[in-house]
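Reader: I have just opened this structure. Could you show me how to read its main features?

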Amino acid sequence: MRHENIKGRRSVFFLILLSITLCSTSPRAGTYLKSAHGNSTIGVNRTSAGFPTDYATGNCAHCHEQHSSIQGAEPVPTGGPNNFLLFDENYTSQTINFCFDCHQANGYQTGGITINKSYSYNFGGNTNSSSYDSNIKDAFSHIGTTGSSHYLPSFVSQVLGKTMYDADGVAWSLPANINPCDACHNPHLAQRNKNTTYDPTKSAISRPSDHNNLWGDNTTERMSADFSDYQAPYWYGSNTSYEPANDATTTGSNLPNYVRLCTDCHNEYNTIYSENPRLPGGPRNIRKICWKTTYVSVVPDAHGAYAGSSAYPRDPYNPPYSPHTLCCTDCHEPHGSATNIYLIRSSINGVSISVPDTTDTSWRNFCLNACHTRPEHDPYKPGCSNCHYHGGGRGGF
Ligand code: HEC
Ligand code: HEC
Ligand code: HEC
Ligand code: HEC
Ligand code: HEC
Ligand code: HEC
């Protein structure tokens, strides 16, 4: 009892101090307790040499340290005090990041984190070995010769602290010094939406233009709300069951509107210079994207709301000639792809895909295995990537 009291008092004292010291919008207790990090069972629970064992699971102190010392000694990792009173440097490089202190194979989280696999695995059902990353750090580590990852140094140089525009042309901005992961996540809100089953009322993401809210947890924030012609792709290896929940839902009523998340950055307004070492032809400005019905300054994609109809579609994109708006995550991994360039998923529409490079063999594999039985033109027309890319024009993409 007495021990409990001391622990409780210390936590409250710590919380107040933390909020005062950080002197900003402090996380609201209710939403934090519903978050994955704040959860008293599955939440943050750091083990490191010198860190007291009596902080309850979910306590802020597992991420924030009031002083560099706790009870007279400084827990590992030493150094600091760090930005935002975090126990380690918030952001250093593509592969050294505060979040990776736990979201990796051997982090400080007691017992580790076992469920953070790739999108194609969690929400697409592709469990083939070496087709997916088993943790978040691995997903961001494809900067060498294979696969690809979203490149965080370019998030820092191109997005954080800048005036950006969403797909409607409305300006937004995020502070320059936050963690680049938090362009899409809010560590005080993010929830676990997938464990053994999928729960669409929980969300792990926040739009960069609306950092203090979750995105996708309400029905108005799902694909079906904006795109009545959305068709969910098949679950891996199935022709009766669909993404993201491996059930019969096909309308996207259970899928966060990732188009809205991604097009906060990737639209016709923002110019983004990528220094990603894996970007073909990089470093360069990445292509602007228009997922709309009308031309603004970039040609609308036929895979977007312009929704060109496909002459030779594969199931379930039937009947022929019916238009469908696709979701970005139908083709792309949000973090990284273990095998493919351009963050292209290891499996699309229920089948494995191999796009290690920009050769015609890769594009034929991608277009013709997953979704089309053939093009209208000569199927061997050379130089696919010269014509088929975002913004490439009607018929182009
Ligand atoms: C002290 C360890 C720790 C740190 C540091 C940490 N996390 Fe987590 N994170 C966890 C744990 C534990 C969970 C819950 C895991 C689970 O659901 O089984 C979690 C869950 C999440 C989730 C929700 C999805 C899920 O798997 O439940 C997101 C999103 C997330 N973390 C992002 C981040 C980001 C971004 C950072 C850095 C700003 C970060 N985390 C730093 C331990 C940590
Ligand atoms: C461009 C946006 C974006 C960035 C940047 C980003 N994420 Fe994510 N993250 C997503 C999306 C989208 C999902 C998957 C969909 C979902 O769970 O709703 C996701 C899922 C997750 C999950 C849950 C995975 C699971 O088990 O389902 C964790 C944990 C996570 N991200 C951590 C991180 C960390 C750590 C970083 C930085 C190193 C990061 N994210 C950067 C968009 C992003
Ligand atoms: C907060 C802004 C932001 C959001 C949101 C965002 N991105 Fe990006 N994206 C970037 C930046 C910055 C780059 C340039 C660095 C790089 O190439 O990774 C980029 C690059 C890319 C690339 C090119 C990668 C390569 O080969 O170099 C792809 C593909 C991509 N994003 C897809 C997505 C998808 C899909 C989503 C939604 C799940 C998304 N992005 C959401 C900022 C964002
Ligand atoms: C998973 C790790 C994690 C946990 C747990 C956590 N925070 Fe944070 N907090 C961060 C990070 C990372 C930042 C720095 C901002 C960023 O990079 O997004 C931050 C920033 C803050 C800020 C500065 C304002 C802001 O939101 O940017 C305050 C205040 C704060 N945290 C208070 C708390 C309190 C109080 C708790 C417990 C109720 C808590 N944090 C739990 C990771 C965490
Ligand atoms: C039908 C599959 C498909 C869908 C759906 C899709 N993409 Fe792509 N994406 C690709 C392919 C293939 C490439 C490589 C060719 C290119 O660069 O356009 C690519 C490349 C990219 C690039 C890098 C562009 C560059 O400069 O090379 C970005 C950024 C991107 N996609 C973002 C998105 C976003 C955001 C969405 C949703 C609005 C989306 N994609 C939807 C297949 C897709
Ligand atoms: C010179 C430009 C060009 C090249 C090179 C090219 N395409 Fe096309 N492709 C088009 C145009 C334009 C259309 C739409 C009109 C048509 O089908 O003739 C199209 C249509 C398609 C479609 C069908 C879309 C539907 O309506 O179902 C597929 C699939 C396709 N191409 C794949 C490929 C592949 C794979 C390659 C490389 C082997 C390739 N294309 C090379 C310009 C090109």
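## Reading the iron sites

Author: Start with the iron atom of ligand 5: its six donor atoms subtend angles of 88 to 179 degrees, so the arrangement is octahedral. The model is predicted, so local features need pLDDT of at least 70 and side-chain atom pairs pLDDT 80 or more, while totals for chains, interfaces and linings use all residues. Residues are numbered from 1 along each chain as its sequence is written, chains are lettered from A and ligands numbered from 1 in the order written, and side-chain values use heavy atoms, without hydrogens and water.

Reader: What counts as a donor, and what counts as octahedral?

Author: Donors are N, O and S atoms within 2.8 Å of the metal (3.2 Å for Na, K and Ca); water is not among the atoms, so sites may look incomplete. Six donors count as octahedral if opposite donors are over 155 degrees apart and all others between 65 and 115.

Reader: Which residues coordinate the iron atom of ligand 5?

Author: H332 (NE2) and H390 (NE2) do, at 2.0 Å. H332 lies in the loop between α8 and β6 (336-337), and H390 in the segment after α10 (384-387), so the pair ties together parts that are 58 residues apart in sequence. Helices (H or I, at least four residues) and strands (E, at least two) are DSSP runs, numbered from the N terminus.

Reader: Is H332 buried or exposed, or in between?

Author: Buried means under 20% relative accessible area, exposed over 50%, and partly exposed in between (1.4 Å probe, protein chains only). H332 is partly exposed, at 27%. H390 is partly exposed too, at 22%.

Reader: How many residues surround ligand 5?

Author: A residue is near a molecule if one of its heavy atoms lies within 4 Å of it. For ligand 5 there are 21, and the closest are R287, C328, C331, H332 and H390. Helices α8 (328-331) and α9 (360-370) each supply at least two residues of this shell.

Reader: What is the shell around ligand 5 like by class?

Author: Ala, Val, Leu, Ile, Met, Phe, Trp, Tyr, Cys and Pro count as nonpolar, Asp, Glu, Lys and Arg as charged, and the others, Gly among them, as polar. The shell has 14 nonpolar, five polar and two charged residues.

Reader: Which protein donors hold the iron atom of ligand 3?

Author: They are H150 (NE2) and H266 (NE2), lying 2.0 to 2.1 Å from the iron. H150 is in the loop between β1 (148-149) and α5 (152-158), and H266 in the loop between α7 (258-262) and β4 (273-274), so the pair ties together parts that are 116 residues apart in sequence. H150 is partly exposed at 24%, and H266 is partly exposed at 25%.

Reader: And which residues coordinate the iron atom of ligand 1?

Author: H37 (NE2) and H103 (NE2), at 2.0 Å. Both H37 and H103 sit in the loop between α2 (29-34) and α3 (119-122), 66 residues apart.

Reader: What does H37 touch beyond its sequence neighbours?

Author: Contact means heavy atoms within 4.5 Å. Leaving aside neighbours within four places in sequence, H37 is in contact with Y32, G43, V44, G58, H103, P187 and A190. A polar atom of the H37 side chain lies 2.8 Å from the backbone oxygen of P187.

Reader: Where is D264 placed?

Author: In the loop between α7 and β4. D264 is buried, with a relative accessible area of 0%. The side chains of D264 and S209 are joined by a polar contact of 2.7 Å.

Terms used
Polar contact = N/O pair within 3.5 Å; in protein donor to acceptor, adjacent residues only side chain to side chain. Tetrahedral: all angles 85-135°; square planar, octahedral: opposite > 155°, others 65-115°.
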